[in-house]
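Biologist: Can you walk me through this one? I'm new to reading structures.

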Amino acid sequence: MMILDRFEENYAVIESNDENDIITHLIIDRNLVSDNVNEGDVIFKKDNMYYSDENATKNRRLRVIEVLKRLNK
């Protein structure tokens, strides 16, 4: 899974984990990221551009909200 971690000036920092849950960071030119991608979005790469996976992003945010609710009880 790839997640847009943050934007830093003209760069985008992508957090990625593999099947062994090893997390890596990739720094790319911000111009390679579609305009509709926000920090925290699950993304995918197609034709050398990065796009938001809207369904995966929504599901991930819902899971995070549920975890936070359980922690606050």
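**Starting at a hairpin**

Modeller: Begin with the hairpin of β1 and β2. It has two residues between the strands, and E9 takes a positive phi near 50° there. Keep in mind that this is a predicted model.

Biologist: How do β1 and β2 pair, and over how many bridges?

Modeller: They pair in the antiparallel sense, over six bridges. β1 covers residues 2-8 and β2 covers residues 11-17. As an example, take R6: its bridge partner in β2 is V13.

Biologist: And what about β2 and β3?

Modeller: Those two are antiparallel as well, with seven bridges. A12 stands opposite I28 in β3.

Biologist: How many residues sit between the strands in the hairpin of β2 and β3?

Modeller: Five. Within that hairpin, D21 takes a positive phi near 60°.

Biologist: Let's zoom out. How many helices and strands are there in the chain?

Modeller: One helix and five strands. From the N terminus on, the order is β-β-β-β-β-α.

Biologist: In what order do the strands sit in the sheet?

Modeller: The order is β3-β2-β1-β4-β5. The sheet is open, and its pairing is antiparallel.

Biologist: Which strands are the edge strands?

Modeller: β3 and β5, where β5 is residues 49-52. Each of them pairs on one side only. Neighbouring strands are also turned against each other, by 45° on average, direction ignored.

Biologist: How many bridges join β4 to β5?

Modeller: Four, and the two strands run antiparallel. There, K45 stands opposite Y50 in β5.

Biologist: Where does the helix go?

Modeller: Helix α1, residues 54-71, lies across β1, β4 and β5. It runs at about 160° to β4.

Biologist: New topic. Which residues make up the largest nonpolar core?

Modeller: There are nine: M2, L4, A12, I14, I28, V33, V37, I43 and Y50. β1 and β2 each supply at least two residues of this core. In soluble globular proteins, nonpolar side chains tend to be buried together.

Biologist: Why does L26 count as partly exposed?

Modeller: Because its relative accessibility is 38%.

Biologist: Now the serines. Where is S34?

Modeller: S34 is in the loop between β3 (23-29) and β4 (42-46).

Biologist: Is S34 buried or exposed?

Modeller: Buried. Its relative accessible area is 16%, and buried means under 20%.

Biologist: What does the side chain of S34 make a polar contact with?

Modeller: With the side chain of N36, at 2.8 Å. S34 also touches M49, Y50 and Y51, not counting residues up to four places away in sequence.

Biologist: Then S52. Which strand is S52 in?

Modeller: S52 is in strand β5. At 13% relative accessibility, S52 counts as buried.

Biologist: Which side chain does S52 make a polar contact with?

Modeller: The side chain of D41, at 3.2 Å. Not counting residues up to four places away in sequence, S52 touches N36, V37, D41, V42, I43, F44 and T57. Two of those, V37 and I43, are in the largest nonpolar core.

Biologist: Last bit, the whole chain. What box do the C-alpha atoms fill?

Modeller: Roughly 40 × 30 × 25 Å, taken along the principal axes. The accessible surface comes to about 5600 Å², and 47% of that belongs to carbon and sulfur atoms.

Biologist: What share of the 73 residues do buried residues make up?

Modeller: 23%.

Biologist: And among contacts between residues at least 6 apart in sequence, what share join residues at least 24 apart?

Modeller: 26% of them.

Technical notes:
Residues are numbered from 1 along each chain as its sequence is written. This is a predicted model: local features need pLDDT of at least 70, side-chain atom pairs count only at pLDDT 80 or more; totals for chains, interfaces and linings use all residues. Side-chain values use heavy atoms; hydrogens and water are left out. Buried means under 20% relative accessible area, exposed over 50%, partly exposed in between (1.4 Å probe, protein chains only). A polar contact is a pair of N or O atoms within 3.5 Å; within protein, one must be able to donate a hydrogen and the other to accept it, and residues adjacent in sequence count only if both atoms are side-chain atoms. Contact means heavy atoms within 4.5 Å. Two strands pair if DSSP finds at least two bridges between them. Axes are lines fitted to C-alpha atoms, for helices over the stretch in contact, and angles run from 0 to 180 degrees between N-to-C directions. A nonpolar core is a set of buried Ala, Val, Leu, Ile, Met, Phe, Trp, Tyr and Cys residues joined through side-chain atoms within 4.5 Å. Accessible areas come from the Shrake-Rupley method with a 1.4 Å probe; for residues, only the protein chains shown count as cover.
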